Amino acid sequence: MLVVGGLYSICSFAAGIAGNLFAFVLFVSPIPTFRRIIRSKSTEQFSGLPYIYALLNCLICLWYGTPIVSPGIILVFTVNSIGAVFQLVYITIFIIHAEGSKKLKMLGLVLGVFAVFAAIVVISLYLFEPASRQTFVGYLSVFSLICMFASPLFIINLVIKTKSVEYMPFYLSLATFLMSLSFFAYGMFKNDPFISIPNGIGGVLGVIQLVLYYRYSNSGEEPRAPLLDSYA
């Protein structure tokens, strides 16, 4: 039994580490976009909204992964802490180079994100006991993750309509699938449906993206930066 338990723990840890590594690939994927923004000293037609949504999602999920909310899933906390730092850096660069009205809008949205996060922390700490606290924050994290699926769903719809993978780079589709698969396994090992269910859905969407890439990759178009990472 000790051997089985040790193997189970090792597999769980390995799945979580793999999820962190594949998530890191996704976190660094907007770097070319922000290099362009820095070089041109302008946000051009790029939108900062995807990074605002991603920041809120990371904050909610990192709170869910903290020991005070969900003991034993620290790798959820680590991956979302790293993700939140990346999103803050991207948002800061965007605000620095944005025009007046867009700059003020982004500042307001960032303040709104932290206000919402602070409210979630206060409510979960003072209005819920530990068991119900995990359930409350867990449902919020699932809702947040499902909202983030708007991006791959939009890309899938775009690929089907245009019959082109122009805005769906293969490495991002693969990383999305592998990250979702890793955290689905991590959630199953931890017996945590708040991790396994949304990542299971993400895995299915990742498979669809890979199938579409295989189907339309011979169209002769070179994949570009992902559309929702760049444009409004």
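Student: Let's start with Phe136: how does its relative accessibility count?

Tutor: Keep in mind that this is a predicted model. The idea is that buried means under 20% relative accessible area and exposed means over 50%, with partly exposed in between. Phe136 has 23% relative accessibility, so it counts as partly exposed. Phe128 is also partly exposed, with a relative accessible area of 24%.

Student: How do I read the pairing of the rings of Phe128 and Phe136?

Tutor: Look at the angle between the planes: under 30 degrees counts as stacked, over 60 as edge-to-face. Here the ring centres of Phe128 and Phe136 are 4.5 Å apart and the planes sit at 15 degrees, so this pair is stacked.

Student: How many aromatic pairs does the structure hold?

Tutor: There are twelve aromatic pairs. Take Tyr8 and Phe189: their planes are at 90 degrees and their centres 5.2 Å apart, so that pair is edge-to-face. Tyr8 belongs to helix 1 and Phe189 to helix 8, so the pair ties together parts 181 residues apart in sequence. Tyr8 is partly exposed at 40% relative accessibility, and Phe189 is partly exposed at 26%.

Student: Which residues do ring pairs link into a cluster?

Tutor: That cluster is made of Phe24, Phe27, Phe34, Tyr51, Phe86 and Tyr90.

Student: What about nonpolar cores? Which residues touch the most other members of the largest one?

Tutor: Here's the general idea: in soluble globular proteins, nonpolar side chains tend to be buried together. In this model, the largest nonpolar core has 41 residues, and Ile91 and Tyr186 touch the most other members. Helix 4 gives the most to this core, ten residues. Another core lies apart from it, with ten residues, among them Ile155, Val159, Leu205 and Tyr216.

Student: What is Tyr186 in contact with, leaving aside neighbours within four places in sequence?

Tutor: Its contacts include Ser12, Ala15 and Gly16, then Gly72, Ile73, Ile74, Leu75 and Val76, and also Ile195.

Student: Last one: where does UniProt place the "transmembrane region" feature?

Tutor: A record like this gives you spans to look up in the model. The unreviewed UniProt entry lists residues 6-28, 49-66, 72-95, 107-128, 140-160, 167-189 and 195-214. Now check a span against the model: residues 6-28 are 100% helix and 0% strand, with end C-alpha atoms 33 Å apart. Residues 72-95 are 92% helix and 0% strand, and their end C-alpha atoms lie 37 Å apart.

Key
Residues numbered from 1 in each chain as written. Predicted model: local features only at pLDDT ≥ 70, side-chain atom pairs only at ≥ 80, totals over all residues. Heavy atoms only, no water. UniProt positions renumbered as here; feature names shortened; annotations may be inferred. Helix = DSSP H or I, 4+ residues; strand = E, 2+ residues; numbered from the N terminus. Core = buried A, V, L, I, M, F, W, Y, C linked by side-chain atoms within 4.5 Å. Buried < 20%, exposed > 50% of the residue type's maximum accessible area, 1.4 Å probe, protein only. Contact = heavy atoms within 4.5 Å. Phe/Tyr/Trp six-rings, centres within 6.5 Å; stacked < 30°, edge-to-face > 60°.
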